[in-house]
Amino acid sequence: MSVSLSRYLVEEQRAKGKIPPELRLLLEVVARACKGISHSVNKGALGGVLGSAGSENVQGEVQKKLDIIANEVLIEANEWGGHLAAMASEEMDSIHLVPNRYPQGEYLLLFDPLDGSSNIDVNVSIGTIFSVLRKPEGQDGVSEADFLQAGQQQVAAGYCVYGPQTTLVLTVGDGVAMFTLDREQGSFVLTQEKVQIPADTKEFAINMSNMRHWDEPVKRYIDECLQGTQGPRGKDFNMRWIASMVADVHRILTRGGVFMYPWDQREPQKPGKLRLMYEANPMSWLIEQAGGAATNGRQRILDIQPSQLHERVSVILGSKNEVDRITQYHQGASH
Ligand code: P6P
């Protein structure tokens with residue numbers, strides 16, 4: 001008997017008391033929005049959704065048509081439910097308040113509506129990343145400052161990867177569960193739960209073209225991996241880099257590995273490329289819930305107290321023993 005996402009969430013709410021009804025509703029709505037995004041992504045050129053939209057986002061990056069479509073699908077799906085107070089998106093400069101004509105809820109939803117955009121036009125896996133926080137108690141209205149909570153405050157986090165399968169991966173603090181979209185039924189079906197990442201790995205994911213710009217600890221770690229059985233690690237390593245965080249993280253949740261997008265000297269004033277609130281935090285919670293680790297080289301990503309909605313962070317996440325080793329190499333290093 002297959003278990004649907006709805007049934008999984010009802011069990012998490014009713015049998016385990018892990019989530020309240022409003023959070024269950026929110027997650028069902030987000031999943032439905034991801035189904036809609038998957039439909040648009042899968043149409044590709046046939047749907048006239050490829051290519052650039054001719055605009056830039058808050059990061060100064062060229063927006064793809066699908067970036068904007070995915071953002072609009074998530075906004076429209078979540079405005080009317082009464083479970084949210086506001087939303088924040090990589091594609092929007094400031095937060096999006098739920099319009100007054102709808103009831104206000106107690107949750108804040110943050111998302112990267114379509115991560116990995118450079119892969120859209122070349123038919124490589126992309127995905128939606130989302131994070132849920134509670135709106136601080138005892139205040140009317142909501143402001144950007146209410147979103148600036150450390151990742152350990154999340155009450156739900158997940159992503160939907162649009163690849164050969166459309167798979168929703170979710171945690172509400174009770175382990176990690178994976179749901180594959182059954183297109184005939186139009187529903188997400190539980191295909192894995194209690195996901196566990198091996199503590200050791202032979203696979204690293206990093207963009208090697210940036211090697212000359214890395215800090216010493218990262219150069220040391222990758223150099224040791226490349227030395228293979230001849231070097232201090234005593235084993236050969238494999239490399240993957242899909243340039244789509246959702247796809248790289250999905251591989252790591254499925255078979256282990258370590259993912260790195262570290263600070264580098266190209267833009268030294270930026271702590272990293274990836275965004276803390278709606279990329280690193282949700283992915284870090286998923287990884288930790290699956291027994292892995294996630295740091296910025298010096299501290300646990302989920303402990304970082306954000307100061308800006310779109311702030312960036314250095315990301316090292318995946319198999320615990322590798323992340324611990326890389327973090328150790330950073331202790332006492334210069335930068
Ligand atoms: P690079 C996609 O644009 C993204 O934000 C992540 O999904 C991905 O891991 C990274 O950037 C890829 O960056 O510099 O290798 O193109």
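1. Strands here are DSSP runs of E with at least two residues, numbered from the N terminus. On that numbering, S5 gives the lining of the largest pocket its largest share, three residues. The model is a predicted one.

2. Strand S5 spans 107-115.

3. The volume of the largest pocket is about 420 Å³. Its lining has 24 residues, and those closest to the pocket centre are Gly116, Ser117, Ser118, Ala243 and Lys273. By class, the lining holds ten charged, eight nonpolar and six polar residues.

4. What takes up the space of the largest pocket? The ligand does. The residues around the ligand include Asp115, Gly116 and Asn207, then Trp241, Ala243, Ser244 and Met245. Phe259, Tyr261, Lys273, Leu274 and Glu279 are also in this shell. Six of the shell residues are nonpolar, three are polar and three are charged.

5. Asp115 places a polar side-chain atom 2.6 Å from a ligand oxygen. For Asn207, a side-chain N or O atom is 2.8 Å from an oxygen atom of the ligand. Met245 uses its backbone instead, with an N or O atom 2.7 Å from a ligand oxygen. The ligand taken alone exposes 400 Å², of which the protein buries 83%.

6. How many cavities of 30 Å³ or more does a search of the whole structure find? The search finds one. The lining of the largest cavity consists of Ile206, Asn207, Asn210, Trp214, Met260, Tyr261, Pro262 and Asp264. Five of these residues are nonpolar, two are polar and one is charged. Asn207 and Tyr261 are among the cavity-lining residues, and both are also listed around the ligand.

How values were computed
Residues numbered from 1 in each chain as written. Predicted model: local features only at pLDDT ≥ 70, side-chain atom pairs only at ≥ 80, totals over all residues. Heavy atoms only, no water. Near = heavy atom within 4 Å. Polar contact = N/O pair within 3.5 Å; in protein donor to acceptor, adjacent residues only side chain to side chain. Areas by Shrake-Rupley, 256 points an atom, 1.4 Å probe, with all protein chains shown as cover. 1 Å grid on protein atoms, 1.4 Å probe; cavity = no way out; pocket = protein on both sides within 12 Å on 5 of 7 lines; lining within 4 Å. Sits in = over half its atoms within 2 Å of the grid points. Nonpolar A, V, L, I, M, F, W, Y, C, P; charged D, E, K, R; others polar. Points joined across faces, edges and corners; volume = space filled by probe spheres on them. Helix = DSSP H or I, 4+ residues; strand = E, 2+ residues; numbered from the N terminus.
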